Amino acid sequence: MRWDGQAIAADDGALPGLERSGLARLGLVRSVKTPEFAGVTFHEVMSKSALSKVPAASRMPFGWTVNPYRGCSHACRYCASPETLVLMADGRQVPIRDVLVGDRVIGTMSDGKYHRYVATPVLAKWWTVKRAHRVTLRDGTEIVSSGDHRFLVSGRGWKHAARPAPGEPQRPYLTANNSLMGFGHGVRTVAYTAPGESREYRLGYLAGMIRGDGMRFAKTYVKPTGRQVHVTQFRLALADREALERSADYLALEGVRLSRRPFTPATSTRRAMDSIYTGRRADYQTIDRIVAWPEDACADWKRGFLAGIFDAEGSCSHGVLRIANSDAEILSRTSAYLDDFGVSNVREHARANGVATIRVVGGLAARQRFFRVTGPAISRKLTILGSAVKTSTDLGVVSVEDLRIEQSMVDITTGTGDFVANGVISHNCFARPTHEYLDLDAGKDFDSQVVVKMNVDTLLRAELAKPSWRREPVALGTNTDPYQRAEGRYRLMPGIIGALADSGTPFSILTKGTLLRRDLPLIAQAAQRVEVGLGVSLAFADEELQQAVEPGTPTPRARLDLIRAVRAAGLPCGVMVAPVLPWLTDSRDHLRRLLDAIADAGATGVTVVPLHLKPGTREWYLQWLAKEHPHAVAGYGRVFSRGTYALEAYRQWLWDRVQPLLDERGFGSSGHRARSGATGRYAGELRAHDEGDYPAGSMVETAAGGALAGMPRDGGGLQVAGAGVEEVLF
């Protein structure tokens, strides 16, 4: 991306009204817009200072901070219809509306000769509204996206879906001469459907699985006394738990009572196998009815049968999908059902033992269609990790149609910068800032402006070299996240880390961004020279709750994995449980589950910060609260009756609740304690709290005080802080 070509000329005024803003006084070099960060303007400035002194009124445990950015590009932009299918790392395709931050999807990386499919995390997700365009390919694949979305074109690199609007800068866009990279769907999106969880599907799956790999035994014995004894037995033994558990669940829904036990232990060449079984005659008869061939199989039954027979007898290795069996009926039905769903296949000659194979032909496109329309249980058979990106079907562009409507679309960002959408390789765009900053309003500007201190590392080295510098601890992440997505483009943090380490200055970093992993080797080197503290912000135990209130940020699972990565690098990692929300996330159950997960991830310390509401943020937050949790509004009015900070009684109450939980998990109890207890009517109200939601995006950081850093560098203890760092300007 040639950023110079995106700069706004001086005579354009950069931004309307910019001459009246604080940016004009801060050494503005240029304002940059680029399709890679759709909807965001980056104001690149030559700042006058790097170190910022934390105001004495703050109760944060550090005196200095460095903020390379003002604003935040954590919630990044990719624009596609919510129904667009994203290829997950386990080989399944999921509508983009259901993809979560922290999920692993398939992206690509170049090895010099080929692009190869690799697993990559989803770093951010956001909903937006864009003008819709439909891209149609020769194989029948359709993708609905915004016009500025980009696709990987064979031999041509990345191209936008549609030509620019009149008056916009020129850019490469798709034409009928282009062919996309990937495998495609081969059909229109409406025909590329996954099976439903109907009873017919379940019965078809059981028929395929049990006929393919189950053991059914029924025999009548005559005892010496002449009495007949009927013996029945059913057993299904598998190494893959996914298929075994699905089979057990489906049988249970049909009233079959099963037992479970180990079948064979693991060896050097084979995995351990477990089995489900029953000897009850009634269960055996039920299973017999289940596996009987239907007179007129419906589509869902056929889908289920194909999934079951594939889990039982199928394989997919070296790019070839096969289903093998010696039963002529099973083989003929398998081939016929594949034909019904448009999955090309051939029947290979039987081997000497009578086993013949149905082989799916048509490359990755046909295999992915099979996986999508049948829904097998066993993930290991679906993976394409490491495979080269080779297009085996015609993905030439037929048309790009402006649908002339604005519609909801979903934005995501991945670690590799791309992913597979409706079977074609798509570039993710970036970012939506989530923190208000210098002299720009909290409405439109709040969502579209980020200030970048281009010279921050040079200034920092100069300031740290002054004789007056006493090497006091410096905290990063006190106002905006230093590892937001813009850092992936500007790479300011390596220079900052190097400057601090070279000067002998101890420092700490607080982030919620998984981009921190990039610099772990550098931070580990710095830790050999100076004291280093790392912290991860994590305030929610439930992924569903967190995604409902913090879309566009990594899930609790992703942040817990980040904690593990930091600890694996030999570095301490504290966790900032912030902000704790009155009436919403301060229940014992929520705090207990959150702290259990943090302890299990290996965190070396925990800092707990209750919510506080600064002017400006307060209005936004309370509007959201009144809409989503009106029952809590009156309580907030009392707890925050004195302004920005929660009453001291609340802080004391929270300390009394959290302290034993911290002690039980070995985090210690040496942190700050409020001076007086929770008494009177507030005590009764606070004991009745339960967890709930918290608003999305910028409110999370700002409402928590902006400055969520200052992790205890010794890794221990708890702090319940009542205030954050005041607004730190340039």
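In this predicted model, the buried residues of helix H1 are Tyr-201, Arg-202, Leu-203, Gly-204, Tyr-205, Leu-206, Ala-207, Gly-208, Met-209, Ile-210 and Gly-212. Helix H1 is thus described as mostly covered, with 11 of its 15 residues buried. From its first C-alpha to its last, H1 reaches 21 Å, close to the 21 Å expected at 1.5 Å a residue.

Two packed helices are described by the angle between their axes and the distance between the axes. The table gives these values for the pair.

| Helices | Axis distance | Crossing angle |
|---|---|---|
| H1 (residues 199-213) and H4 (residues 299-313) | within 6 Å | roughly 30° |

Because angles under 35 degrees count as roughly parallel, H1 and H4 are roughly parallel to each other. H1 passes H4 in a right-handed crossing. On the H1 side, the contact is made by Glu-200, Tyr-201, Leu-203, Gly-204, Tyr-205, Ala-207, Gly-208, Met-209, Gly-212 and Asp-213. On the H4 side, the residues are Asp-300, Trp-301, Arg-303, Gly-304, Phe-305, Ala-307, Gly-308, Ile-309, Asp-311, Ala-312 and Glu-313. By class, this contact has 10 nonpolar, 5 polar and 6 charged residues.

A further site lies in a strand. Ser-275 is found in strand S16, which covers residues 273-278. Ser-275 has a relative accessible area of 1% and is therefore buried, the cut-off being under 20%. Leaving aside neighbours within four places in sequence, Ser-275 is in contact with Arg-235, Leu-236, Ala-237, Leu-244, Ser-259, Arg-260, Arg-261 and Phe-263.

Notes. Residues are numbered from 1 along each chain as its sequence is written. This is a predicted model: local features need pLDDT of at least 70, side-chain atom pairs count only at pLDDT 80 or more; totals for chains, interfaces and linings use all residues. Side-chain values use heavy atoms; hydrogens and water are left out. Axes are lines fitted to C-alpha atoms, for helices over the stretch in contact, and angles run from 0 to 180 degrees between N-to-C directions. Helices (H or I, at least four residues) and strands (E, at least two) are DSSP runs, numbered from the N terminus. Angles under 35 degrees count as roughly parallel, over 145 as roughly antiparallel, 65 to 115 as roughly perpendicular and the rest as oblique. A crossing is left-handed if the near helix is turned anticlockwise from the far one by less than a right angle, and right-handed if clockwise. Contact means heavy atoms within 4.5 Å. Ala, Val, Leu, Ile, Met, Phe, Trp, Tyr, Cys and Pro count as nonpolar, Asp, Glu, Lys and Arg as charged, and the others, Gly among them, as polar. The expected span of a helix is 1.5 Å times one less than its number of residues. Buried means under 20% relative accessible area, exposed over 50%, partly exposed in between (1.4 Å probe, protein chains only).
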